[in-house]
Amino acid sequence: MKAKVYVNLKSGVLDPQGKAIHHSVELLGFAGIADVRQGKYFEIALDSSMDAKQATESVERMAREVLSNPIIEDYRVEIEA
Amino acid sequence: MKFGVIVFPGSNCDHDAYHVISKHVGQPVDFIWHRDTDLSTYDAVIIPGGFSYGDYLRAGALARFSPVMNSVKKFAESGRFVLGICNGFQILCEAGLLPGALIRNRNLHFICEHVLVRVETSDSPFTNELQSGSVLRIPIAHAEGNYVCDDSALEQLQEEERIVFRYCDRDGNVTDAANPNGSRDNIAGICNSERNVLGLMPHPERACEDLLGSSDGRDIFRSLAATLAAAV
């Protein structure tokens, strides 16, 4: 099993890195870009000791308590068989 | 009174803090390795600046899980004093000992320069030797010093007069132009409700010698020493 965790800044939290990337891709000629937000992506390989439900609970907690800072970030967890 | 300076892998202002306490405050001080958990002999601990754990994940995020941090939490709950400088401030926020978070500077730059901060309250163990409204010249050196918090947290900080330092101009005016990193409400430093935990982005330990451009930071350490002396 594999867990994928996506962490993004909450909407409303300034993302200067996203803004700089936005500016750069426009300079490179990419048109039609309304906004860029930069986030983080984690791939977590899970061994066979947990079932899907336990894995979801465990990774959700990891995402909430470690991988994201709830004051500024949101997260999303996906579990793949 | 005895001070401790906590050392994480990647701390780099630990020796500066040690120097200030031993030379300018003239009190005993130890380095405390982040795996140590016994803080029973200390009256105040300093969480110094640097790049603990390489700032991986988020600045201060991994240091919070070091064994010593559980002890720091209990130390703070017991009413003893915790001073977090720069990366130390980031760690205190990540650990939930102070509200809010520190994100990337609004201009993306790592900023290393002397800035001016206004002392917003002398009602703290860290500023009781200073005049409220006075302006200190202290260096900053950070990429993630942009203080953010939600509206209710800001309101609470303001109402309880827990904003201890604000970025300001030469005349002490708190303006956007004087805000180096985009911090909400020009916040440079805050304390907890009990006022025994202070976090600030500027480096007072680097502003304790005239030779280094400013000695305005000394009074912060001297305030803390005066607080401890009065408590004995």
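Before reading any packing angle, I noted that axes are lines fitted to C-alpha atoms, for helices over the stretch in contact, and that angles run from 0 to 180 degrees between N-to-C directions. I also kept in mind that this is a predicted model.

**Entry: helix packing in chain B**

I looked up helix 1 (residues 14–25) and helix 5 (residues 218–231) of chain B, and they pack at an angle of about 70 degrees, with axes 11 Å apart. Angles of 65 to 115 degrees count as roughly perpendicular, so helix 1 of chain B is roughly perpendicular to helix 5 of chain B. Then I asked which residues meet there. From helix 1 of chain B I listed Val20(B), Ile21(B), His24(B) and Val25(B), and across from them in helix 5 sit Arg218(B), Phe221(B), Arg222(B) and Ala225(B). Sorted by class, the residues of this contact are 5 nonpolar, 1 polar and 2 charged.

**Entry: salt bridges**

I got 20 salt bridges over all chains.

How much area do chain A and chain B bury between them? I read about 1,200 Å², with 69% of it on carbon and sulfur atoms. Pro16(A), Val66(A) and Ile71(A) supply 36% of the area that chain A buries against chain B, more than any other three residues. The contact takes 15 residues from chain A and 14 from chain B.

I found 1 salt bridge across this interface. Arg58(B) pairs with Glu73(A), the closest N and O atoms being 3.7 Å apart. I also counted 5 residue pairs in polar contact between the two chains. On the chain A side, helix 1 (16–27), strand 2 (39–45) and helix 2 (52–67) each supply at least two of the touching residues. By class, that side has 9 nonpolar, 3 polar and 3 charged residues.

Definitions and conventions
Residues are numbered from 1 along each chain as its sequence is written. Chains are lettered from A and ligands numbered from 1 in the order in which they are written. This is a predicted model: local features need pLDDT of at least 70, side-chain atom pairs count only at pLDDT 80 or more; totals for chains, interfaces and linings use all residues. Side-chain values use heavy atoms; hydrogens and water are left out. Helices (H or I, at least four residues) and strands (E, at least two) are DSSP runs, numbered from the N terminus. Angles under 35 degrees count as roughly parallel, over 145 as roughly antiparallel, 65 to 115 as roughly perpendicular and the rest as oblique. Contact means heavy atoms within 4.5 Å. Ala, Val, Leu, Ile, Met, Phe, Trp, Tyr, Cys and Pro count as nonpolar, Asp, Glu, Lys and Arg as charged, and the others, Gly among them, as polar. Buried area is the accessible area (1.4 Å probe) that two parts lose on being put together, summed over both. A salt bridge is a side-chain nitrogen of Lys or Arg within 4 Å of a carboxyl oxygen of Asp or Glu. A polar contact is a pair of N or O atoms within 3.5 Å; within protein, one must be able to donate a hydrogen and the other to accept it, and residues adjacent in sequence count only if both atoms are side-chain atoms.
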